Each structure stands twice: as structure tokens, then as C-alpha cells.
Amino acid sequence: MTSDRDSAPLPMAGARTAGAGFPESPGPGSADRAEQLLLAGGRLVVHGPWGSGKSVLLSALAHRAAGAGVPVLRVTPAPGDRNLAYAALAMLYALRPHARAEGVVEAKRRLLAAAIGHGPGNADGDPLAVRVALTDLFTSLAREGTRGGAREGAREATRGGAREDPPLLLIDDAQWLDAASADVLGHALRALAPERLRAVVAERAAHETPLAGRLCGDHAMRLPLEPLTLDEVADLLNAQDLPASWAARVHRHSGGNPALVRAMVIGRTSRAADPWGRLAPPVPDAVRAAATAWLATLGPHTRTTLLTAALARRPTPALLRRAGCADATEQHLAEARNAGIVRTGATGTVEFTARALRDAAAHRTTRSASAAAHLALATAVDDPVRAVRHRLLASDDFDQALAELGEGAARRAGSRGERTLAAELLLLAADRTPAALRADRLRRLAAAASHAAASGSFDLAVRVADAVRAAGAGRVEQVAALLAVIDAGGQAMGELDDIIARARERAGDDPALLAAVQLRVAVRTNLCAGLPGSARAAADRAVRMARNGGDLALEAAALSMRARMERITGHPGSTRTLARALALAVPAERVGIRNSPQYLAARHAVFDDRLGFAREALLRLLPLAERTGDAEDLQEVLRSLAEVDARSGACAQALEWSERALSQCAGAGLSPGPASYTAALVQSAGGSFAEAAAHAARGARISREERDLVFTSRNLFALGTVRLVTGHLTEAVEALREVATLEADQQVRDATALRWQPELIETLVGLGRLDEAHALLAGARRAMGSRALDTGAGAALARAEASYRDRTGEPDVARTLLEASLAQFRSLGLPLEEGRALVQLARLERGRRRQAASREAAHRALGLFVRVNAHPWAALLGGPMAPPSGPLTEAEAGLAAIVAEGATNQEAAHRLHLSVKTVEAMLSRIYRKLAVRSRTELGSALRRLTPSG
């Protein structure tokens, strides 16, 4: 039988929880979790890499315990203590717990005497005597803690006696313990039961904790301190009133390590001033210093190996050995892995857990050491393009032959879609071009600007523009470099007004250059000012200028922009303008796919619910986007494919497209607003409503910060729809009313692109605001016109009107409207919308007390949702989830089993020698295949699987 004290909670005494600071702590709720584990076993091993918050966590536990009068002993050895016998015990003796009992004092005196050799017959100290004395000390503290608890708990005596709180021993930085102290402490912890002494041992390690394990035993509870997630970083930034749009950059640079996150953003109260109006914070010196301190925890030979790894792209142990690293490369990498500095990727590559660590490893060394490593890599890599890059980086000399080699390598990189690499090679080649060959230098810089714009890397585009300006380039080169910066800025064009003004001034009276600038003005006017009518006028000016300048590709792009704005504002000439652009027959890759008439034709087909045509057109554009390597082009095509497949009912494929788009966004540093909107749509179709809401909320917040009105509206629309279908009507109406305001302010007349009116009508009906719903319904019908009424937008409006008619006592009219809506959705191939109409029909019939008809409609809806893998909709009906979309692979099955046992993502990654990011991606696929949403559901699903499943 377990005594009451075995399960007594660790006193909290009103202490703050870990996670309250920014970002002082390892993560929200970590102290609560540590307390739970400590109560469960009495021994707890806390581990994590440098800067993960181990000491902060121990302080939180100490504060909670001491505030309730529980004796707390905390030992924090330093690096030099490892070679001093009994150094930790001397520290322990010096502690002054609140208890002053004679027995405690005597036990501490005997401990010190035995340790330093002053005991009878112990000239050099007696380990056995030290063990006995230390056990006596802990026993005395336990006895004193019990008496103290009884005194303070007198009021509770009548309700069953006083609580007995054992002392709490905290050992921080266990990796620095001297061997003698570790031996004695381990003996004491084994000798005393957990109910007489609780202990938490923290060791700096990502995975292996030999000293902590030795102290607490193999069966001790373990708490690995995971890095902060992207969402947690965004929340911390928001709490500091810093832009959430910084989150991706901060997370990528810090890897989520709390100390690096703190160094990245602490002390910042606004966007850093920068001549380019920088969209993200520059890396402060504090981050470099912190990363260097983390690397300094490794041995010098390991740091040398990491230098070569940092300079290589996708290094493997074999590549590092070929590049001259020591035979002990594997041991060096194991040390770095356990320090949390590197991890092993899915293909065996060595990946740094934070970009700051890679940069520190590469740059905190002598120039000669760096050059030698680059030369070694030049002979070790298999890719000749990469070999040239290493040769360029190894030399600082002006060398025309080497510069020409770099230019040729850049052409090969560009031809295979590696635009970032091409831009970097050209920039290096330009730097190494002799001063006398100025024309060659400017040509290379101009080509670098083009590649930098396509790469989506704002920082790279700025570096190229700075180099162009320093070289004293002409008007054409300077305008091209400035336009590259604008294009790489993505959706955040509101931050780049000064760059646009500089580009316009540099363009002078050159019609082609002015047309290029004017086209960006049109995009900015629509995106950030919300004035599509003015944007159409700007695009029209760009058309005329491009024609005067004889630039056919630019004319096609400007006509496409004009057609886009005409569609938004309901201008009747949109179809004719798009036809003119298509008639110019300019290949999409020459225009830039997202600016091409071919892509716009596909988007308009999406709005018109011609989804088959749209999908075919997008699949033709996809290989072009992949081949050209333009980051934003590829993201746009992937997003559109995800939207088309989600609406067509190919939910599993839509999730795959969306995941690729999100990965592209994160990898290239693009604005998150568009990819978040698409992820919200797709998750609400085939993933989970909770994930959809999270993506939409994050996208709306970042789009607002970037002054991107278009995707602020879209993300709010997605958020409002999720809130509506999950029954959070008050939140839904707030989001959808804001969409209505934004669309009105932006003069949007096209009801097919963003179908918010039906959603808002249903929400208002649900809230009983029937007059408002009726007014909006009448206005929407007038605004749509016959063309829009024949699309899914018209069918959605009929479904919304049915909800209104049902509420106003006209069920027969409502049923007629729903039947018409169902037929239209079915003919257009919109199964999710059809399913929504069936759900509404089931509710209507239930309200009319026609239970059989209601069940039949609900059954049809559920069958439809299951057939298309619309998991959240199937769950919403309370029915079974969709069957697995495919059997688990061997690797997925292995991971699923490990996670179902209770392993964290980091622990699973370590056991399988994968990166945490790879584990997260695999888990997403496993959850989707098994139609589960949590680790608890995963365990149940695995137990139900047949061997073939």
C-alpha cells in the first residue's frame, strides 16, 4: 500500500511557473511537468544542451519548495571542480538550510571532517565515512523537514495529520561533478528512499547523461528540455511587442534554443533601422557571442571538424573524412550531437541545429584555417559546381580565370534551379574580377541580382545591391538590383517604399525601366494600399511604357496585372485583357510564372470552379517552376494546386502540396501569409480544424504586420470559416466582419475569389441577427450577377439563404434551396461543399421531426467525407474517421511504435538517428494515414492495426 506522502505534491507556495519570463525558461509549463515527474518517481534527470534553461528550471523548483518550508540543498559545481576531490561535498556542507536542529549541524560537521581527513583515523579522508556522514545529513534533514511540516501544518492535523515533505536535493551542471562526490552522492541516493529525499539532477546533454544516470539510476524519470517551437517563438515576440514576422528568421537562426532566442531579440523594441528597411532583425553581436560560447563547450578537435562541416553543404561523415578531418570524425560528431549542436539528417547528413551555430563554427577561426578547409572540400565534393564555390571562397585574390570559372559554375547552377547558389557564385566571381575588367564585373553583378530576386533571399539581394552600388554601376544595373531587393521582399512591400522611390529615380526616362518599376507600384498599391482601381491604372501605365520600350515579356506581365485588377473590381474587360496577354505568346518562365498570363488563367479557372482545367494548367507550370528555381513562383504553384485538390476532394494530396509550400516558404524565407492561408484551407478540409485555425491566426497576424491587406483578408476568412463550422459564432462573426470591411475598403467586387458573404450570413443566422443576415443576403445577390451565381459561390449563397429561410419559418423554401445547392455543388465537383449542404439538410429535417430523412442526409454526408478523407468533417459528425490512406512504411511503423511508448520527438529522433524536423514530418504522415490527431489516439490505432496495416 502506498502511503499518503508518496503522492504528496511538491509545495508551490505561489511560485511563478517556468515559461513566465522571456525567454528565461526552457518552455511554458516545464516546471509543472518537472514537478509531476518528480512526484511520480522521486528522482528526476533534467537534461538539455547549453542554454536550454536547466538552471532556470531548477531555480523554479527550488523557489516552490523553499516557499513552503521544505529544505532545499542545491549544488552547482563549476568546470574546475572536476579535478578537486569532494569539491561538491564541500559546497554541500557550506549550504545553510532553514533547519537549525542540533542533529543537522552534527551531521554536516562529520561530513566535512570525513571528507577532508579530520575524522579519527582518516588521514586522507575515508570514502566510506563520507558516505555514512552524507546519509546521516540527508536523514537529519528529512527528520527536520517532517517536524517543520508538522509545525506549519497544525491546522491540518484534525483532517488526518501533518504532511511529511522530504528535503529536495538539486544538483545542477552534473557534468562538472568530481568523481569522489559523484560516488558518495550516488550511494546516498540509492540508500535513501524517494519518500525520504527527492532529487533532481541536471546535466548538460541533448541525449546521453552518464553522470546523472549514475546518480539517479537507470529507472529515474527523465525530462529532456526541447527547443522552443516556431509558434512559441512567435508568442514570445508578440509578448514583447515585436513583429511576429520575425519568428521564422529568429527560430531558424536560434534553432529554438532559449538562450539564443533571448540574445536574438532582447532589448529590441521596434524594427531595427536599416538603409534597406530590413524586414527582419539583423543578427546582433550577442547571438554570435552566445553561439561561440556554446561551441566552446566542445573539445578543440571537435571544433575543427565542425569548421569543415559548417563550410560544406550537406556534409556527411564520409565527406568530412575525405576533406581531411581526423579518423575520430565519428567521435567528434557524437560529442557535438550530445551537445545539441548538430543532428543527423534523414540521409545521414550533418545538420547544425541553429544557423547561428553554423555561422559561428565557420567564421570564428583564422582566415588561413578557413581557406585550407575550403581547398580540402574543393577536392572532396562530388559536385563540380560546389567545388568551384569552395575554390572561390578559399581565395581573396583578383583572378580573372577563377572569376570566369565561377561565372560558368553559376550558369550551371541556374540551369538546375539553384538560384541562391548561382547568385552567390556570381557575387564571388565579381569580387575576384580584376578592377581593370569593370564590364565583366558589372555583368556578373547584374546576373547575380536576377538570381537573388528569384531566390527569395532578401539578405542576398541586399548584398548584391550593395555591391552594385559600390561598383559604380550604370542606371540599368542599379535599377535591376533595386528591383531584385523589392521582389525578394515578398508580401512586405509596405516596408520598401523608399526602395521603390529610389528605383523610379534611377530609371530616369527609360521606358522599359520605368515599366518595370511601375509594375511593382501596381502590385504594392493593391497589396498594401488596398486600391485595386489605382493598381489597375498603374498596370495600364506599365503596359504602355513596356510597349514603348519594346519589352514584350514586361508587356505580358503588365497586361496580366491589369487583368487581375479588372477581375477584382468587376471590370468587364478582364477576360479581353487576359486574352491579349496570352496572345503575346511569351513563355511563362520569361515573365516569371506568378506574373504570367498562363498562371493568371489558371487562377481565374479556380475562381470559376473549372477545377479540372486549373489543375492541368498548374501541373504544366509546376516543372517550369521547379526548373527555374524561383522560390516564390514554386510556392505559388504549390499553393494553387493545394487549393484545387482540397476543393476537389483530393484531401490527402492537398495536404502534401501544402506541406511542400510551407517548406518552400520556410526554406527561402518568404512571407508566411500566403502559405499560412493555404495551409488553413487544406487543414480545414483534410487535416484538423485546430491546425487550420492556428495557421489562419498566424497568417493574419503576420500579414497585418507586413501591411498585406490581401492576405490579411484571406487568413481572416479562413479563420472565420473554421470558427463558424466548429460553433464559435461570436469569434467567427468578428473575423468575417473584418473581412467584409477590408473587402469593401479595397473595392473588391468579385464574389468568387473570396466567398465570405455566405459564411457571414450563416454566422449571423446562427447568432439570431436575422435582419443583418437578410440585408447582406440581398446585397450579395445583387452584387454577384448571373455569372457568379452559376459558380460554387452562387451555390454557397443558396445554402446560406436556406439557413435564413429555415430560421424564419420557411422550411419548404429552405429545402428547395438546399436541393438546388446540392445539385450545383455536385455538378461542379465540389464534394466538401456538397457535404456541408447535406449536413445542413440533416439539421433542417431534424428540425421538422423527420428523423429518418435527417439520418439519411447525415449518412450521405458522412460517407462522402470519409470517401474524400475529409477527416475533420467526419469527426464533426461524430462518425468514424476515414480509413488509413495507405499502409505505414517500415520506417513509419517503427517511429509510430516508439512515439506510442511515450517518447518525445527529440528522443525518437535520437533513437532513430533522424532530425527532429524529419520526425515531425513523418508523424504528420502517420497521423494522416491512421486518421488520428494525438499520441493517445495513435496508441489505440496501432493496437487495432492488422499485420498488413
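**Helix packing, sheet and aromatic pairs**

H34 and helix H35 (residues 709–725) pack with their axes 8 Å apart and at an angle of about 155°, where axes are lines fitted to C-alpha atoms, for helices over the stretch in contact, and angles run from 0 to 180 degrees between N-to-C directions. H34 is therefore roughly antiparallel to H35; angles under 35 degrees count as roughly parallel, over 145 as roughly antiparallel, 65 to 115 as roughly perpendicular and the rest as oblique. This is a predicted model, in which local features need pLDDT of at least 70 and side-chain atom pairs count only at pLDDT 80 or more, while totals for chains, interfaces and linings use all residues. Residues are numbered from 1 along each chain as its sequence is written, and side-chain values use heavy atoms, with hydrogens and water left out.

**H34 with H35**

- The crossing of H34 and H35 is left-handed, a term used if the near helix is turned anticlockwise from the far one by less than a right angle, with right-handed used if clockwise.
- On the H34 side the contact (heavy atoms within 4.5 Å) includes Phe 689, Ala 692, Ala 696 and Arg 704, and on the H35 side it includes Phe 711, Leu 716, Leu 719 and Arg 723.
- By class, the contact of H34 with H35 has eleven nonpolar, five polar and two charged residues, where Ala, Val, Leu, Ile, Met, Phe, Trp, Tyr, Cys and Pro count as nonpolar, Asp, Glu, Lys and Arg as charged, and the others, Gly among them, as polar.

**Aromatic pairs**

- The structure holds four aromatic pairs, counted when rings of Phe, Tyr and Trp (its six-membered ring) have centres within 6.5 Å, with planes under 30 degrees apart taken as stacked, over 60 as edge-to-face and the rest as tilted.
- Phe 689 and Trp 873 form an edge-to-face pair, with 5.4 Å from centre to centre and 80° between the planes.
- Because Phe 689 lies in helix H34 (residues 689–705) and Trp 873 in helix H43 (residues 871–876), the pair ties together parts that are 184 residues apart in sequence.

**Other helix pairs**

- Helix H24 (residues 511–527) packs with helix H25 (residues 532–549) at an angle of about 165°, their axes being 8 Å apart, and the two are therefore roughly antiparallel to each other.
- The crossing of H24 and H25 is left-handed, and the residues of their contact divide into 14 nonpolar, six polar and one charged.
- Helix H29 (residues 597–607) and helix H31 (residues 631–648) pack with axes 11 Å apart at an angle of about 25°, which makes H29 roughly parallel to H31.
- Tyr 599, Arg 603 and Val 606 of H29 meet residues of H31 that include Glu 636, Val 637 and Arg 647, and this contact has four nonpolar, one polar and four charged residues.

**The sheet**

- Five strands form an open sheet in the order E2-E3-E4-E1-E5, with parallel pairing; two strands pair if DSSP finds at least two bridges between them, and helices (H or I, at least four residues) and strands (E, at least two) are DSSP runs, numbered from the N terminus.
- Strand E2 (72–75) and strand E5 (221–224) stand at the edges, each with a single partner strand, so one side of each is left without a neighbour in the sheet.
- Four bridges join E2 to strand E3 (residues 168–171), the two running parallel, and Val 75 stands opposite Ile 171 in E3.
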